[in-house]
Structure formats: structure tokens, C-alpha cells
Amino acid sequence: MTELAATGAEAPVDYRTDPSRYRHWKLDIDGDVATLTWDVDEGGGLRPGYRLKLNSYDLGVDIELHDALQRVRFEHPAVRVVVLTSAKNRIFSAGANIYMLAQSSHASKVNFCKFTNETRNGMEDSSKYSGLRFLAACNGTTAGGGYELALACDEILLVDDRSSSVSLPEVPLLGVLPGTGGLTRLTDKRRVRRDHADVFCTTPDGVRGQRAVDWRLVDTIARPQEFGARVKERAAALSATSDRPRDAAGISLTPIQRNVQDDCIQYKYVDVRLDRERRTATLTVSAPAEASPIVLDDVLRHAAGWWPLAMARELDDAILHLRTNETTLGLWLLETRGNADAVLAIDHFLLDNQAHWFVREVLGMLRRTFARLDVTSRSMYAIVTGESCFAGTLFELLLASDRAYMRDDGELPQAQLRVSRMNCGGLPGVGGLARLESRGLSAQQLDAVTKRGDEAIDPRTAFDLGLVTQIPDGLDWDDELRQAIETRTALSPDALTGMEANLRFRLPETLGTRVFGRLSAWQNWIFIRPNAVGPSGALKVYGTGAPSKFDWNRV
């Protein structure tokens, strides 16, 4: 059947792609350097009604970028440095396409910003955990989201041709904020002085040449005739800091298979049931049915079909599909099935073998997938019954939830939880802490949980340890669960989104929590203000020649 969105007027978005379908990016591999060249097809927008001029981009362009980065991680493990550059003359990127933003629904704008944030955060994640370095070779003007992509790299090289600049022109030109972490990376990552940042972010023409270096907006500059040689020099220097293997053979990322129906989405390990009347989606993640010995050679033979990688890719796709295409299903019920011993065995194998490049990348995929839950503007309840498999890696689903309900009626098999080393820092959340630590348990509770090892935890013990919210018995289970669901879905989704973002991110604050907990909240609000999107708002009238009309009240 044709995949149709259940709600909203916009056609559904499919996040699956592969290099044979790229329209905007070209990936070249030369030894330990991968070059990602964007040459955006002006007529290749995800929606009709705008043209992607000057390497401006929309969600479709970023879907390809995300896929290309995945290919580098898994299919080209010998790559140590990714160089991002442009095929356009004297233009790196004009940033997010303004006309696309002007015509998009509010939800589309916010989801676009969130996905681009996650893609760029994923680059920094790969640099931190996997040794994959990134060099922005800005061979022309670099504006808005184009500069934000450069900011996510380990180094920025700007051509010094007396005209190419870096800029964040969103405030002066569009009445909105840089939507992909630009403000945060200026201050937190590049340590740009506050007054310099203030001037920079209100100057639409940006900063070029030596001043861009002096203000720490870029790392180095090079004249056009020296630019290519300097790119090679800096790529070699970054490669020397990486521990990615120089001679490993990659694995093929086979296409994600799914079956989308009106009320369900079915993958091999993930099943999504849609209840539009209740405005809920039930995501059931399945573990392997049996525990068996794990051998690295067998793992590499299974490659993309090995359970943790296959499950993470399917769950990642399901999260993105629901966030973008099912915006009214505000409560996700997270369930699990399968063999807990199998999950725990895989957890131990992953942690014991994480020095191997493939295992390390699988851990990265799991980490980034669960991080999507941390920043998803949906309420999440974990539902634990005797059929559940909330163990180790899958226990992270419960720890990412806003609440957990565990059935306690002596049923056979009895509901139980299983903690592994994976939950004690193996998969840190957006805030940098293990989710077990970020739950806010007391020191005594946290110590008691970690000391249990792989031992099963029954409902009463789970409640006493602070791992679950309620433990209704069999008589009250259906009624209490129904009331919890109905009460939640009756509340304002706007207020819930703000509340959840505040409650999920504990101290210490990180670049990631600042981007998603603060910047995204402000951008969400600004995107509905008339100064930006009203009939005479800056975003709406851009390019028409008409002046913006502002309500001058500060709110």
C-alpha cells in the first residue's frame, strides 16, 4: 500500500535512502579520507514550492547526509577523517532553505531543526567515541545552517578570497534563531567572546578572513590557490589523532525492511501499533528468542542483521517515522519481548569487545538511537508484564521513559527487570550521564541496583529501588493503566513537551542538553510568533522586497 500520513496535509517522510538515490551529496573515499561534497539539486526539494538554490537545504538533503555518515561509520571503517566541502563555485552553503521554512507547518519546521541537530550531534558523538574526525572545508560563503554544519566539525577551514564569510543571519534577516545549535556551539564549543558573538549573530553579512580566525569563528584560512593543499594538510593532521583501523573491511548496511499499514508498522524486531482514537502508539521491541554463544567472526558474518544493530536501525526508523508523520499520537507505550539472557549475553559481548571497530560502531548506533528518545516531544510510558524483556540494553527503554508501570500479581512468569553493565554508563544519554544515574535515585538505591548484577528484580523490589512508578496487581492493572493513559492524553501537548524537556535533563548541563532543552524551546516559541511567521513577519516576507513589521513589545 502507499504510505500515507494519518494526520496533517503534508505527505509522509521516509528516512530510508542509499547512495544510489542521492541527489545532493557525493561520497568519495581516498584511503583514510572520505570527502562528502554537497552539490544540492535545486529542483530536488522534499516538497514542491521552492528551489534549493546556493546549496540551501531541506530535510531531504539532511536525510542523505545522515545516511552517508552511517555508510562511513560501518561500510568504510578505514576512514579516519570526513571532509565536508561544496561543488558550487564560491558557495559552501546558504543554510536551510528560507522558502521551505516559510511554507512548512510548525511541526515540520521543528522536526526539521531537531533532525538536523541530531545529525550534527551525531558527528560530534562519532568524533568523541569512535575517533572519526571531521573537517569543514568551506570553499565559499558559509551561512546559517551551512555554518552550523561546519561548527559540528572538529576543524573549520575557510577560503580567504576577500568575499567568502561565515555568518548566522537568522536573527537580522528572518526573525528566528539559528536552528541547529549555532548559538550554543559559538559559546560552549568554540568559546567565542560574548560581545563578538553578539555582533556576529546580528550582522547578516558575517565575518571573513583573519577576523574570523581572531574571533575563533574558524580555525584557519587559506587563499584559493593554497586551499586544496591546506585541506590535505589538515586532513592528515586530523587523521593522525584517530584510532580508527587502517585496514579493516567494512560491512554492508542492507536496506531496512518494514511493512506500513493503516494501524501498524512492522519490522523484524520492532512492532508499532497505532491507536488514533486513544492517540497512542505502542512500540514493542523484541530480543532474540534464544541465548547462544557469541563469536566475533559470526557477528561479522551477520553484520547488519546482527540483533543489536538491526534492532537499533529499526527502532531509529520507527522513532523518526512517528515523530514526523504521526504528530497527534502524543503518548508512546514502550514494551519488550524476548529472552533476557540473550540480551545480557550480547551486552557483555559488546562491552568486552568494544575495542573492535564494528562493536564500537554498534554501541554508537545504540547510543544515538536511544538519545532520540531523550529529545522526542512525546510522553513515554514503559509497560512491564510477565512477557516483557526489560533487560540490559532493552532496560534503557524503561530508563528513557517518563513513567514505568510494572504488573505485580504473582502471575507466571512474573514480571521482572534485569540490569547489566550496559545500564551503568555503556549507553549515556544526551546529558552525558547513564540513564540509571539520571533517574534521580538516592545514592543507596543506585548502589543497590548496580550491585545486583544480572539478577532478576521483582516488582516490589523494583518499586523500592525507585525503578518503576507503580506496581498495580492483576485486579487493578487494566483500570490503572487506562486511567494513566487517558489522563495523560487529555493534557495540553504544548505544556507536556516543555515539562518533559525540563524533567528529562538533569545537571550537569551539556552542549546537547542546552541545544535541546533551551535552544529548541525558544525556537519552538519563536516559530509561532507573528514577528517571524505572521503576514508581515520576517520569515514570511523574506525575498519579496516588502519590509518586516514587528510588534516592538518585549515579552
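In helix α6, the residues G182, T184, R185 and L186 are buried, where buried means under 20% relative accessible area, exposed means over 50%, and partly exposed lies in between (1.4 Å probe, protein chains only). Helices here are DSSP runs of H or I with at least four residues, strands are runs of E with at least two, and both are numbered from the N terminus. The cover over the buried residues of α6 includes α3, α4 (145-151), α7 and α20. After α6 comes R191, whose phi is positive, near 60 degrees.

**What kind of model this is**

This is a predicted model, in which local features need pLDDT of at least 70, side-chain atom pairs count only at pLDDT 80 or more, and totals for chains, interfaces and linings use all residues. Residues are numbered from 1 along each chain as its sequence is written, and side-chain values use heavy atoms, with hydrogens and water left out.

The pLDDT is the predictor's confidence in each residue, from 0 to 100. Its mean over the protein is 94, and 98% of the residues reach 70 or more. Over residues 1-8, the pLDDT is below 50, and this stretch has 19 contacts in the model beyond near neighbours in sequence. Contact means heavy atoms within 4.5 Å.

**The nonpolar cores**

A nonpolar core is a set of buried Ala, Val, Leu, Ile, Met, Phe, Trp, Tyr and Cys residues joined through side-chain atoms within 4.5 Å. The largest has 75 residues, and L398, L417 and L467 have the most contacts inside it. What does L417 contact, leaving aside its neighbours within four places in sequence? Its partners include V384, F390, F395, L398, M406 and L467. Another core, of 66 residues, lies apart from the largest one, with M100, M123, F134 and L158 among its members.

**Pockets and a cavity**

Rolling a probe the size of a water molecule over the atoms shows where empty space is left. On a 1 Å grid over the protein atoms alone, a cavity is a set of points where a 1.4 Å probe fits but cannot get out; a pocket is an open set with protein on both sides within 12 Å along at least five of seven lines; and lining residues have an atom within 4 Å of a point. Grid points are joined across faces, edges and corners, and a volume is the space filled by probe spheres set on the points.

| Largest pocket | about 1200 Å³ | V171, L177, W522, I526, R554 |

Which helix gives the most to the lining of the largest pocket? That is α20, with six residues. The elements giving two or more residues to this lining are α5 (170-174), α6 (182-189), α7 (194-201), α20 (511-526) and α21 (530-533). By class, the lining of the largest pocket has 16 nonpolar, six polar and seven charged residues. In these classes, Ala, Val, Leu, Ile, Met, Phe, Trp, Tyr, Cys and Pro count as nonpolar, Asp, Glu, Lys and Arg as charged, and the others, Gly among them, as polar.

For the second largest pocket, α19 gives the most, with eight residues. Each of α3 (106-130), α18 (477-489), α19 (493-504) and α20 supplies at least two residues of that lining. Its classes are 16 nonpolar, 16 polar and nine charged.

The structure holds one cavity of 30 Å³ or more. Helix α3 provides the largest share of the largest cavity's lining, three residues.

**Some residues to look up**

T37 lies in strand β2 (residues 33-38) and counts as buried because its relative accessibility is 15%. E64, in helix α1 (residues 59-75), also counts as buried, at 6% relative accessibility. Not counting residues up to four places away in sequence, E64 touches T17, R21, Y22, R23, H24 and W25.

Most residues other than glycine have a negative phi, and most peptide bonds are trans. A303 has a positive phi, near 50 degrees; this residue sits in the loop between α10 (296-302) and α11 (307-325) and counts as buried at 10% relative accessibility. R216 has a positive phi of about 65 degrees and counts as partly exposed at 39%. Finally, a cis peptide bond joins L507 and P508, with omega about 0 degrees, and P508 is in the loop between α19 and α20.
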